[in-house]
Each structure stands twice: as C-alpha cells, then as structure tokens.
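Keep the structure in view while reading.

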Amino acid sequence: MEFPSRVLCSLFLLSCLTCAESQISTAACATADRTALLGFKAWISKDTTGVMATWVGDDCCGGGWEGVECRDEGGRVNKLILQRPESSAGEDAYMKGKGSVLFMKGRLSSSLGDLQFLETLVISGMKQLGGPIPASLANLTRLVHLVLDDNGLKGEIPWSLGRLKNLETFSVGQNHLRGQIPLFLGSLPHLKHLNLAGNLLTGEIPKALSNLKGLQHLDLSSNSLSGQITEFLGEFHDLAYLMLSKNRFSGPIPSALCNLSQLSELSLDQNQLTGEIPQQIGNLRSISVLRLSSNKLIGQIPESLSQLHNLWNLNLSRNQLTNPLPDEALFDQGLASILSIDLSYSGLSFGSIPSWIRTRQLYDVHLAGCNLQGALPNFTQPGSLRSIDLSSNYFKTGIQFFLQGMISLETVKISNNLLHSDISSIRLPDQILFVDLHSNHLSGSLSGILSNDKGKLLEVFDLSQNQISGSIPEFSDGHNLRVFKLARNMISGQIPSSISNLDKLQKLDISRNKISGTIPTSLGEMVGLQWIDLSVNEISGKIPSSLLEIKGLRYANFRANKLCGEIPQGRPFNVFPAAAYAHNLCLCGKPLPPCREE
C-alpha cells in the first residue's frame, strides 16, 4: 500500500491551490495577457487534451478558456493551470505501456513571461511538451506556485528564476532536466515545496539549500545525485516529506535527520548508504513511511524502531543487516500502526516468522531470503493481506491451505523454496492477480488450478521449474493472463488451439517440457505477444506463417524441436538470430540457409 511521491505532491499542491482565494473575472481579458496566452498556444503543435480548442474568442477571462483564471481588476490573468485530464478506463487499458493518449506536443513559449500578474503556473502531465524552461519566466515576479511536472522538458534549470522571490512551490519533477541543483533555490526565502525528482541531475546537495528553513516537502529522488546526505537537512524542523531515493548518495545516514519531529515520510532507498541505522531513529515520532532499502547498511535493527507508533510502511530490504533481532516483546507492543513490512534480502535470519508480524492485521508482508524454514506460517488475520513475498526461503509444506481466508490477496510469491504438493489441491483466492511459485517441487496437473472461472483474473502465473505433468488445459474467453510461464516441467500433449483465447498475453514460456504436436495457427491471433519460448520440446511441423501477424514480437525461441519447412519470411522472424531455430529437423530460410527447391 505504497503511495508514490508524485501522488503526495499532487495532494499537497491541490491543497495549496484550492486554499488560495481567487475569483474568475467577469472583466474583459487584458490584451497583453490574451496575446501572451495565444503565443503559448502557437507553440503547441498537437493537443489531444482538447484544452487549446477552448481558447477562442477575445475574452480569456470569461470562463471559456479552460485552465485560465483572472482577477476582477483589469482582467489580468493570475492563474494558468493546465493538467492532463484523467484517461478513461478504456484508454488506460489501450495505452498501457505506450504512454498516455492525452498530451500536448510542442514547447513552452517565452510569451508566458509576459503574464505579469500570474501567481500560479501549473503545466503538468503533458508528456511531449519539450524544449527548455523559458528564462522569461523570471519576469513573473508575483509567482507563488510554479509547477512543470511530468512533461518532456530538457536542458538546465534557468538561473534567472532566482528572481522569483515569492515562490512557495517549485516543482519540475519527471522531466529530462540536466545539470546540478541550482544554487539560487537557496535564495528563495518562502519556499516550502521543492520537487526536482525524476530528472538527470548530478552533483551534490548544495550548501545553499541550508537557507530553506521553512521547507516542508523536499523530493530529489530518481536523479544521479552523489556525495553524502548533508547534516543541515536535520535543521528543517517543518519538513514533513524527505525523498532522496534512487540516487548515488553514499556515507552514513546522518543522525541529525532524527531531529525532524514533523517528518511523515523518509525515503532513502536505492542509494549506496553505509553504516548502521541511527539509534535515534525512534525520535521520528510522526514518521509513517520509512524506506531504507537497497543500500549497504549494516548492524542490527535499533530497538527504538519499536517506538514509531505512527509507522505503517517499513522497508529495510536488500541491505546487510545482522542478527540478533530486537526483543520481540518490544515489537509486539510497539509499531501499533504497521500495515506494510519488507525485510526481504536484508541479511536477517529469522528461522520462523516473528509473532509481531504473523499476528498483525497487515496489507503487505515481504520476507524473501530471510532463512525461513518448515511449514508455511499461519497468519491469524489473513483477510487483510494484499501482497505476500516469501521467496528464496526453505519452506517445505503447507501450501495446500496457506491461501485460505486471504480474501483480499492480489499477489503471492513463494518461489525458490522446497514446497512439495499436488497443485490440484491449491485453491487460489478469487481476486488473485499475480502467482509466482517457480522453482519448487510441485507436481500434478494444471487443469485443477486453471480450468475454472476463478483463474480468469490472473495476470501473471509462473510455475516454472517444478514437476508439473499432464497437458496445457483448454482456455475459454475472458482471461486476463499477461505472463504465462511453465518452463522446465514435465508437461506433455499438444499446445491447445484455444490458447489464442489468452488475447492479453504478452509473454509465453513453455520451454524445456515434453510438448508434442504442431504449433497451432491460432497462435497468430495473439497479436499482443512480445516474448515466446517453445524451445527444447518435441514440437513438429512448420512454424505457421500466421505468426507474422504478431507485429510487436521482440523475442522468439524455437530451438531444439522437430520443426521443418521454411521460417516465416517477414519481420521479425527472418531477423531473429539463427540460434533461435537451431537443432530442429529441417528448418530453412532466413536467418538459416535458403530452402532447397523441390
């Protein structure tokens, strides 16, 4: 149940913008402002949001120009808010993985700098709005909120923006901006919200930022920043959100950060931090989200962590922590709000799941690689669990009944264990979306676990490297499978022609089994496939030319079967490497030698 930083940013900005008093003007639009807005419109070469189509007529203040607000006096524009509209469910499904269908394409016009009465400028989520940030924005000396998130802006942040002394919000996250963090940001005395996340910024956090004593929200995540995390951040006593994730910060976690009594989120994950977790971590009494994962932290978990009574999301995974664990009684009584916990691959060795995890009402439990053994645990409140990851442990038994009562479960990962069971005895929850049980000792037939309506919501199903036998079952319409992996089992029989009913499938791996028969021509109807591996089986006949209909295929492997005849001569099949077709009976045609004329 993790909320991305951009969501928190949006909530913060929404509260700022809606709390500010403003009235839409009934006065005619000032000529200078109308000209400036039309200058912006002229630089938009394509607009699928429909916003620019509303910018017609002489009066930009009458309410008809979407995103434009004016003050009563003189018809001067004081707010310009252009945010990408929410896509419909159908558009979201269609554009998944392709970017948004709603965008503006073009560049920011320097004419925006002529809107001299502007107090709020928000242009966000337009994706294809590129080019640099205009230096002319420095003329907007009344500006309080500047938000240019989630566009395609490039270049460096103009130093001239240091003239905007009234700024409270400076947010340019999720662009392609380069260079170092500008020193001028430290000279903006009223700045409360600073977001530079998701860019290509380098260098260290400049000391100039130490002047920002009123800062409440700092997000520098997802850049290439380096050096140590500066001690002066511990002096920002109003700071509620500190996000420095996905950078190259090194050195220890400054103990000064533990002075931030108002801090609600501390995200330092995916850096190169070393040393121990500060013992003073328990002083962060307001903290609700603590992410320190994917670093090089050592030592033990501080006992003071149990004092964080507002903490609901704890992630210490992928570090080099050591036992012994803190007194279990402390955690039984503390962490009253905990809902999501991730200690996977943290270096800790549990043996069995601690009672303070097993008996809580939790949403997410991720304990992969924690040396857990024996039977799968009995969670006393399974109905709340949404995501479980117990991969890379030593569990042997208990899978038959483990998922019972997990009425909210969407994701389960118990791969790379020692589980023995007939999979026909496993009952998947109705709403399950993601199942990964690869690399165990599971046996039996697939028919019981997939041949019913309960499996139709599944999006990912991985039973690779087990001892599954029988054949691939028939499929009816209505399945949501996107990833289907059965490699390295003992599956026999033919590929059913009804597999084409998996019309959302993107990845199919049934390699290294005992599958025979021919490749069904209906496979060509699965036009969403991007990855297919049928290698090391006993499949005969030709590779059907119908597969040429799969235009987006990026990987295919037919190696080590009994295939014969000409490889479909069209992209991508005739440009895949020859190794993808090796060790068959008599395949020919590009990329292999040409077929012989009869």
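A residue counts as buried when its relative accessible area is under 20%, as exposed when that area is over 50%, and as partly exposed in between. By this rule Cys61 is buried, and Cys70 is buried too. Keep in mind that this is a predicted model.

Now take the whole chain. Of its 598 residues, 53% count as buried. The protein has 40 strands and seven helices. Its C-alpha trace spans about 80 × 70 × 40 Å along the principal axes.

How do the contacts run along the sequence? Among contacts between residues at least 6 apart, 50% join residues at least 24 apart. Charge is the next topic. The protein carries 50 positive and 52 negative charges. The mean positions of these two sets are 6 Å apart.

Turn to the inside. The largest nonpolar core has 162 residues. Within this core, Phe170 and Phe461 have the most contacts. Several elements give two or more residues to the core. The helices that do so are helix 2 (31-42), helix 5 (355-358), helix 6 (399-402) and helix 7 (447-450). The strands are strand 2 (68-70), strand 3 (77-83) and strand 5 (120-124).

Which residues does Phe461 touch, leaving out those up to four places away in sequence? Among them are Val435, Leu446, Ile449 and Leu450. Phe461 also touches Leu481, Val483, Phe484, Lys485 and Leu486.

Next come the covalent links. A disulfide is a covalent bond between the sulfur atoms of two cysteines. How many disulfides does the structure hold? It holds four. Counting bonded cysteines along the chain, the pattern is 1-2, 3-4, 5-6, 7-8.

Cys61 and Cys70 are joined by a disulfide, with 2.0 Å from S to S. The angle about their S-S bond is -80°, and the link is left-handed. Both of these cysteines are buried.

Move on to Cys564 and Cys586. A disulfide joins these two, with 1.3 Å from S to S. Their link is also left-handed, with -100° about the S-S bond. The pair links distant parts of the chain, 22 residues apart. Cys564 sits in strand 39 (residues 562-566), while Cys586 sits in strand 40 (residues 586-588). Are these cysteines buried or partly exposed? Cys564 has 27% relative accessibility, so it counts as partly exposed. Cys586 is at 35%, so it is partly exposed as well.

Another disulfide joins Cys588 to Cys595, with 1.8 Å from S to S. Why is this one called right-handed? The torsion about its S-S bond is about 90°, so the disulfide of Cys588 and Cys595 is right-handed. Its two ends fall into separate classes of burial. Cys588 is buried because its relative accessibility is 13%, whereas Cys595, at 30%, counts as partly exposed.

Two further cysteines deserve a look. Cys258 has a relative accessible area of 3%, so it is buried. Cys370 is at 0% relative accessibility and therefore counts as buried.

Technical notes:
Residues numbered from 1 in each chain as written. Predicted model: local features only at pLDDT ≥ 70, side-chain atom pairs only at ≥ 80, totals over all residues. Heavy atoms only, no water. Helix = DSSP H or I, 4+ residues; strand = E, 2+ residues; numbered from the N terminus. Buried < 20%, exposed > 50% of the residue type's maximum accessible area, 1.4 Å probe, protein only. Contact = heavy atoms within 4.5 Å. Lys, Arg positive; Asp, Glu negative; His and termini not counted. Charge placed at Lys NZ, Arg CZ, Asp CG, Glu CD. Core = buried A, V, L, I, M, F, W, Y, C linked by side-chain atoms within 4.5 Å. Disulfide = S-S within 2.5 Å.
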